[in-house]
Amino acid sequence: MTTIVRAATAGDLHKLALYERQLYGAEGYPELLFYQALRQWPQLLLVAQSDDTVSGYSMMAPLPQQRVSLMSLLVASDYRQLGIGRLLLLHSLQVAAEYGFGEMELSVSPQNDKAINLYQKSGFVICDDVPDYLGPGEHRLIMQRAL
């Protein structure tokens, strides 16, 4: 299997929303959000394509002071443990740096050990621990990395 990372297109967005629903149910990002992200920040929405199938995505959004937020990084369940998350993260870091961002920030569940490990291996450090970050009961670690 060959995997590449490329900019998302409108034709990819239904698949991204489907993966969100499969993983997060009703709390997943809706398809409309992906259309808005593609319209507003087309260079910051990336997909992993494994052979001829979209296998994951990363979505970034600009923050003040030349910072960027990694809003989401998701690999479809059938494609996990193949290095696709790491590939998406590395491309996201590269794209963010190419567009002049100086720092990337993300939030992650403290129970998501695999993601935390991936981020730490990629140079991210935990800078805050925020209860209710995404609403009641949605505790998150905030991680940052210079680009």
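**Close-up 1. A salt bridge joins E103 and R67 in this predicted model.** The closest N and O atoms of the pair are 3.3 Å apart. A salt bridge here is a side-chain nitrogen of Lys or Arg within 4 Å of a carboxyl oxygen of Asp or Glu. E103 lies in strand β5 (residues 103-108) and R67 in strand β4 (residues 67-75), so the contact ties together parts that are 36 residues apart in sequence. Helices (H or I, at least four residues) and strands (E, at least two) are DSSP runs, numbered from the N terminus. E103 is partly exposed, at 22% relative accessibility. Buried means under 20% relative accessible area, exposed means over 50%, and partly exposed lies in between (1.4 Å probe, protein chains only). R67, E103 and E105 are linked in a network of salt bridges. Side chains of opposite charge can pair when their charged atoms come close.

Residues are numbered from 1 along each chain as its sequence is written, and side-chain values use heavy atoms, with hydrogens and water left out. Because the model is predicted, local features need pLDDT of at least 70 and side-chain atom pairs count only at pLDDT 80 or more, while totals for chains, interfaces and linings use all residues.

**Close-up 2. D12 and R6 meet through their side chains in a salt bridge.** The N to O distance is 2.8 Å. D12 is buried, with a relative accessible area of 6%. R6 is partly exposed, at 22%. The count of salt bridges comes to four.

**Close-up 3. E138 pairs with R140 in a salt bridge.** Their closest N and O atoms are 3.2 Å apart. E138 is partly exposed at 26% relative accessibility. R140 is buried at 14%. The C-alpha atom of E138 is 9.9 Å from that of P110, a residue 28 places away along the chain. P110 sits in the loop between β5 and α4. Its relative accessible area is 21%, which counts as partly exposed. Not counting residues up to four places away in sequence, P110 touches I116, H139, R140 and L141. Contact means heavy atoms within 4.5 Å.

**Close-up 4. Strand β7 (residues 140-146) pairs with β5 and with strand β6 (residues 125-130).** Both pairings are antiparallel. β5 and β7 share six bridges. β6 and β7 share five. Two strands pair if DSSP finds at least two bridges between them. E103 has A146 as its bridge partner in β7. For D129, the bridge partner in β7 is L141.

**Close-up 5. Helix α4 (residues 113-121) has buried residues A115, I116, L118 and Y119.** They cover an arc of only 160° around the axis, which puts them on the same side of α4. The arc is that of the directions from the helix axis to the C-beta atoms. On the other side, D113, K114 and K121 are exposed. The buried residues of α4 pack against β4, α3, β5 and β7. Just after the helix, G123 takes a positive phi of about 100°.

**Close-up 6. Helix α2 (residues 31-40) buries F34, A37 and L38.** Seen down the axis, the buried residues of α2 fall within an arc of 95°, so they line one face of the helix. The face turned away carries the exposed residues L32, R39 and Q40. The cover over the buried residues includes α1 (13-24), β2 (45-50) and β3 (53-63).

Close-up 7. The side chain of S92 makes a polar contact with the side chain of S58 at 2.6 Å. A polar contact is a pair of N or O atoms within 3.5 Å; within protein, one must be able to donate a hydrogen and the other to accept it, and residues adjacent in sequence count only if both atoms are side-chain atoms. Leaving aside neighbours within four places in sequence, S92 is in contact with L46, S58, M60, L70 and M104.

**Close-up 8. The largest nonpolar core has 42 residues.** Such a core is a set of buried Ala, Val, Leu, Ile, Met, Phe, Trp, Tyr and Cys residues joined through side-chain atoms within 4.5 Å. L45, M60 and Y119 have the most contacts inside it. The largest share of this core, six residues, comes from α3. Beyond its neighbours within four places in sequence, L45 is in contact with residues including L13, L16, F34, A37 and L38.
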